[in-house]
Amino acid sequence: MSRYRRRKVVNRTMEVVATLAALVAVTVLVIVVVSVALRGAGALSWDFFFKPQALFGQPGGGIANALVGTILLIALATAMAVPVGVLTAIYLTEFAPKRLAVPIQVVIDVLAGLPTIVIGIFVYALLVIGHTQSGYAGAVSLAIIMLPLVARATQEVLLLVPSTLREASLALGVRRWRTVVGVILPSSVGGILTGTLLAVARAAGETAPLLFTSSIFANTVQTDVTKPLPNIPVLIFTYSEQADPALHEQAWAAALVLMGFVLIASLGAKALLARSRKRLAG
Amino acid sequence: MGDGAVRSATVSAVQTTSPLQARRRRLSGRLGDLSLYVVTGAAALGSVVLVGAIVWKVFRLSADSFHQFGFGFVTGREWDPVKHVFGALPFIYGTAVSSFVALVIATPLAIAIGLYLSELAPRGLRGIVGSLVELLAAIPSVVLGLWGILVLGPFVAHHVEPWLHSAFGFIPLFGDPQQTGQGLFTAALILTIMIVPIVAAISRELFLGVPRELEEGALALGTTRWEMVRGVILPATRSGIAAALILGLGRALGEAIAVTQVIGGGTRIGWSLFPPADTLASKLASSYQGANPGLEISSLLYLAAILLVIGLIANLLAQIIVRRFDPLRGAKA
């Protein structure tokens, strides 16, 4: 009987431990979000969004230049990563023979797992050495980070497209490429969009690659992509390394903006993904 | 009967188009197929070429430093741009220690969370807690680093380190507390926060994939839930968990920004976990801007090459484990 009791106690303890572990994770999330929100909310104002960074040592200023730059960088990176990612996914699901598909898949997963700072150094070596830092170099490095994410998400929805649709189209004598363009892509466009949104959320917060490619920037609004584009992650990083409390406050506010965007984008993407998956799986 | 009618209709439709038109259409169809095949194939090949180019570029630019120091670079303890002496050991040490400590803390935590989400959580909470844990992974590392430097660091310096030192000071790992809270230990805590959600999410999927009959069979034999977990779920998912941990480790090894913000910077090698240090990635992030072209940049790229090799090995290893040694996957296929 006592043996039975002990087994029950061990079981109960383990259940409590597991529950506590989940509680710890949720608590950490709440602490991080709340402390960023509390410290950042104070500095949020219209000026913060619509004024560029103040000159060094001067009070006030905002993040307008970094906001514009980040939006440009992400837009450029998305324009590069999405077509390549979607085409890669189409090749892997529709055309590739198995003995090619597996190694390519492995390489793409490896690319997704590479340290982002190494990707930054690669683009630095490719586009910055011998030239200067530039917005397009930053966008290329972000695109490399987004590419495997877009490819993966697209592949997932392409695999969910019912094979009956594919076969019905082919049975009607429709060409392979028309089947892909006219039948398969339209029915998976929702999944591709949510995958893109997830990749955007990830890229928006990436700092390491931008440090090498687009970090020495002006404190005015800059839209010329051949010059380094100001951006929010590098701004937070630089401010966080300073000792000035006023800059810390700006860093918190910028962090709140960035975190808010990233969290809302990933939540929205996950909700959309669940919906489109349900619809395709029928 | 109906089928026959349709067929004859199609046949007549085809016959009314002139042979030339039909041939042109066939040709354009074939061209369309071919071009889609070529374009998508080129995109897929592009990713492979990209990884190859990354490896090649990083290695080529570290060549100067490699010629100068050879493999001795890996064991060199000095990093002195003035004397042109560079060695990677302090950074390899910092990377290894911070990632290892993070992994030690994260492993039980992440597996416990995975178990909670797959076995224990009530239906209503399961989705919510699961999404919250995943959100933790979505927080940008630079934001986590900012929080680490201004909130977690001081807390660690004033509460955690003094407590650990007074309670376990006889273990050399817990040396004298630091004033700022910037150091290996804080970096390891930040890395823990980053890898727990990754490993927890993968473990949950693994645990959910264990066949129900196995779990119910064990419970029917009279095991408690924990005994079922230990006897059925964990052994069945062992290799998957290993792969998840290696992926998490890969993430920890390569994380640059958040670590740079909280680790303080330094080349000390010693027992205590509390003093400032540097990892391969944090040294790269903090030093490249003021670095002199030539040997110093090349040595920094040598660090990047080491990081790249470690990252490649970790990722490939995780993939091989997932693809080869997962017993459940094999059983299902």
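Trainee: How far does helix H5 (residues 123-138) of chain B reach from its first C-alpha to its last?

Mentor: This is a predicted model: local features need pLDDT of at least 70, side-chain atom pairs need 80 or more, and totals for chains, interfaces and linings use all residues. Residues are numbered from 1 along each chain as written, with chains lettered from A and ligands numbered from 1 in written order. H5(B), a helix (a DSSP run of H or I, at least four residues), has 16 residues. At 1.5 Å times one less than that number, 22 Å is expected, and the helix comes close to this with 24 Å.

Trainee: Which helix gives the largest share of the side of chain B that touches chain A?

Mentor: Contact means C-beta atoms, placed from the backbone, within 7 Å. By that test, 72 residues of chain B meet 70 residues of chain A. On the chain B side, 19 residues, the largest share, come from helix H2 (residues 19-61).

Trainee: What percentage of chain B is buried?

Mentor: A buried residue has 20 or more other C-beta atoms within 10 Å of its own. In H5(B), B:Val129 and B:Leu136 are among the buried ones. Over the 333 residues of chain B, the buried part is 46%.

Conventions
Contact = placed C-beta atoms within 7 Å. Helix = DSSP H or I, 4+ residues; strand = E, 2+ residues; numbered from the N terminus. Buried ≥ 20, exposed ≤ 12 C-beta atoms within 10 Å, placed from the backbone.
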